[in-house]
Amino acid sequence: MSTIGGPAPAAEADRLVPCRIRSPHAKPITAVTAFRRNDGRTLIISASEDGTLRRWDAATGGPADDALVIKDDALTFDGEACAMRGKALTVRDKAMSVTTARLADGRVLLVSGTESGGLLRWDAATGRSLRCAADRLGRVRSVASITLDDGRTLIVSGSDLATVRRWDGETGRPVGSPLGQTPKGLVGSIGWVRSVTTAVVDGRPLIVGGFNDGAVCRWDAETGEPVGDELTGIAGAVWSVTVVALPDGRVLIAGGGQDGTVRRWDADTGEPVGAPMTGHSGPVRSVTAALADGRTLIVSGSDDHTVRRWDADTGEPVGSAMTGHSGPVRSLAAVTLDDGRALIVSGSDDHTLGRWEAGTGKPVGAPYPGHNGLVNVVAVTTGDDGRPVLVSGSSDRTVRQWDITTGRSVGKPLLWPHNWQASVVRSDDGRRLIIGNDYEGTVRRWDLTTGQPVGTPLTGHVVASVSAIGLRDGKTLLVGGSEDGLVHRWDAVTGEPLGAPLTGHEDRVRSVATVRLADGRVLIISGSYDRTVRRWDAVTGQPVGEPLTGHTRSVSALATVTVPDGRVLIVSGSYDHKVRRWDAVTGQPVGDPLPAHTSQSLAVARLDNGDDVIVSGGMDGDGTVLRWNAVTGEPVGEPLRIGLVCRVAVARTDRGSVLITNGPEHCPIVLWPLSPDGHVITDSVVKAGR
């Protein structure tokens, strides 16, 4: 909201401008805004289709607090809170828009409109979710806020239902009737509301809305009455509107649209101002206003991946296009830092936030280190120097290697396609290979040192899990479990099939493991949605014994361990909230089932005292990592309450065992040093890539 035609309040005098940050959002950034907290710190807020809002320090580009998670099934009005945080992430709503609203008591709210039609609010300082609007509004594509003369704060939303609606910022309840596009302000138009903004113009609170059919409408924010006629000129949808105050006291409305132009109108009369501003080669998705070096700028972001600046008074371009994004620029905000610098913040479909100096157009800051997407693979291997190395793969299409002791990145990231699971193995010719299956089930191999692909992709089945191990004949065996219930074997180096697929499971095989027995035989272990675990001779492909039964729901994770007495144990995790142990040779259960969460990942750590510890990480709401003695089944230490866990792994270093975890939504990879008895050494915890 802008205040025009009068003195600006303190909060507005400290307005913010755009910056350059590589964010961990997993999907396109749909909206950005910024505000100054009561402690004087300026934060940038980004909203994404990944269902999260994230907060960033505008000056440093660093993350500020945890992400706020949006859940489609959390839209309840009667509850005291909407419970947006800490719940299961299986149902996730897309954040379509975001704004901030300052209440009369000084609190600042974050407000987000969602794809499913929700309007959600949080306390910006604490992240606590507040009551939400219960009505389904159609896709809420834009939100704004404004403070009225009586001190009330209104939240304004525009949606696919062709209406603009007003809400009480304090209570979240609707205010007045919906505002439509027709000259009388009645509901009835079929045009989506693509953008809304607010301003105080000559003391009058104003709402401005841009529609899908090219119209721009104005209403009195307090009464809801329409102000003047529709503003026209943009051919196609009006994707974004903003209000601009010029130094001579004139007030303009600026809009960008489908035709790739930016247009200006007099906010009072509605008359067009000057010629269309052209230069973008694609639709203009976002416009905002910025003040730099005493000059008022209109800033536009486009599907052509660029940000452009224009003199708000003359309409002339200012400098050249600001490039660097690799996707459409959907959102912009303006920020002024404590040192007086004016920045422009851009949010893009490439998942990044850009920071730019408003006056010069130069980028500010460097991208964050680490992954920029969901880390869905973690594995441990031995580096070329013999030291253990953590390998991580992400939906950002990179593989990274990390020093397990320091958490620092080793070498350059390797490019790879989207992969869901992977295994790291040293091949018979000495190369370190990373072998992964992507979301379509294709298995690919890369040389971990050079980053070059090895052979051609292995196709024909939708492979959901992979494992690898060396055989007696020197070959490296690659094993894959597939959605059609089969288990496949290949030569990891040549990619040639090794025998026919292994049949027996009655449902998809979502987990496989390999293990060498004391007599030298190698077993393949497979876990299936048919609730069974099966064993196979890796060389002959023949089943070993009967299926292992006991789980009452799908088997989701497997691990193996050789305990001090020489026995080899199979460890299985299931959606039945149990971890079970089995003797790999006899198939007999070992001890009682271990009560757990819904296990997604299992690993086994060898402690300095010789004990083996089973580690389980899951996606339950309790956010714990559980540990048990592999032989006795007794718990080891207290549960680690670290949030949802996608993957766990373990490594041995010259300083002892290290537990490795990573969570959803680009949580950092965390290295947890373990004491000789299995307890976490809390003062030595390291976050990789952060």
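This briefing describes a predicted model of a protein, topic by topic. The secondary structure of the protein comes to 1 helix and 51 strands. Of its 690 residues, 60% are buried. Among contacts with a separation of 6 or more, 45% join residues 24 or more positions apart.

**A sheet of four strands**

- Four strands, in the order β10-β11-β12-β13, form an open sheet with antiparallel pairing.
- At the edges are β10 (140-147) and β13 (174-179), each of which pairs on one side only.
- On average, neighbouring strands of this sheet are turned by 20 degrees against each other, direction ignored.
- Strands of a sheet pair through backbone hydrogen bonds, either parallel or antiparallel.
- Here, β10 and β11 (residues 153-159) pair in the antiparallel sense over 7 bridges.
- Isoleucine 146 has leucine 154 in β11 as its bridge partner.

**The largest nonpolar core**

- The largest nonpolar core has 16 residues, and the ones that touch the most other members are Ile146, Val164, Val196, Ile207 and Trp219.
- At least two residues of this core come from each of β10, β11, β13, β14 (193-201), β15 (204-211) and β16 (216-220).
- Strand β14 gives the most to this core, with 3 residues.

**A covered strand and its hairpin**

- Strand β35 (residues 476-482) is mostly covered, with 7 of its 7 residues buried.
- In a regular strand the side chains alternate between the two faces of the sheet.
- Strand β35 pairs with β36 (residues 487-491) in the antiparallel sense, over 5 bridges.
- One of the paired positions is glycine 481, whose bridge partner in β36 is valine 487.
- The hairpin of β35 and β36 has 4 residues between the strands, and glycine 485 in this hairpin takes a positive phi near 85 degrees.

- Most residues other than glycine have a negative phi, and most peptide bonds are trans.
- Aspartate 202 has a positive phi, near 50 degrees.
- The place of aspartate 202 is the loop between β14 and β15.
- Aspartate 202 has a relative accessible area of 60%, so this residue counts as exposed, the cut-off being over 50%.
- Aspartate 293 also has a positive phi, near 55 degrees.
- The loop that holds aspartate 293 runs between β20 (284-292) and β21 (295-302).
- Because its relative accessibility is 77%, aspartate 293 counts as exposed.

**Aromatic rings**

- A pair of aromatic rings is described by the distance of the centres and the angle of the planes.
- The count of aromatic pairs comes to 2.
- The ring centres of phenylalanine 211 and tryptophan 219 are 6.3 Å apart and the planes are at 55 degrees, so this pair is tilted.
- Both phenylalanine 211 and tryptophan 219 are buried.
- Tyrosine 529 and tyrosine 575 form an edge-to-face pair, with 6.4 Å centre to centre and 90 degrees between the planes.
- This pair links distant parts of the chain, 46 residues apart: tyrosine 529 is in the loop between β38 (522-528) and β39 (533-537), and tyrosine 575 is in the loop between β41 (568-574) and β42 (578-583).
- Tyrosine 575 has a relative accessible area of 22%, so this residue is partly exposed.
- The ring of tryptophan 239 has the charged end of arginine 285 over it, 3.8 Å from the ring centre.

**A buried leucine in a loop**

- Leucine 246 is in the loop between β17 (238-245) and β18 (251-257).
- With a relative accessibility of 7%, leucine 246 counts as buried, because buried means under 20%.
- Leucine 246 and threonine 296 are 50 residues apart in sequence, and their C-alpha atoms are 6.6 Å apart in space.
- Leaving aside neighbours within four places in sequence, leucine 246 is in contact with Leu252, Thr296, Ala312 and Asp313.

How values were computed:
Residues are numbered from 1 along each chain as its sequence is written. This is a predicted model: local features need pLDDT of at least 70, side-chain atom pairs count only at pLDDT 80 or more; totals for chains, interfaces and linings use all residues. Side-chain values use heavy atoms; hydrogens and water are left out. Buried means under 20% relative accessible area, exposed over 50%, partly exposed in between (1.4 Å probe, protein chains only). Two strands pair if DSSP finds at least two bridges between them. Axes are lines fitted to C-alpha atoms, for helices over the stretch in contact, and angles run from 0 to 180 degrees between N-to-C directions. A nonpolar core is a set of buried Ala, Val, Leu, Ile, Met, Phe, Trp, Tyr and Cys residues joined through side-chain atoms within 4.5 Å. Rings of Phe, Tyr and Trp (its six-membered ring) pair if their centres lie within 6.5 Å; planes under 30 degrees apart count as stacked, over 60 as edge-to-face and the rest as tilted. A charge sits over a ring if NZ of Lys or CZ of Arg is within 6 Å of the ring centre and within 35 degrees of the ring normal. Contact means heavy atoms within 4.5 Å.
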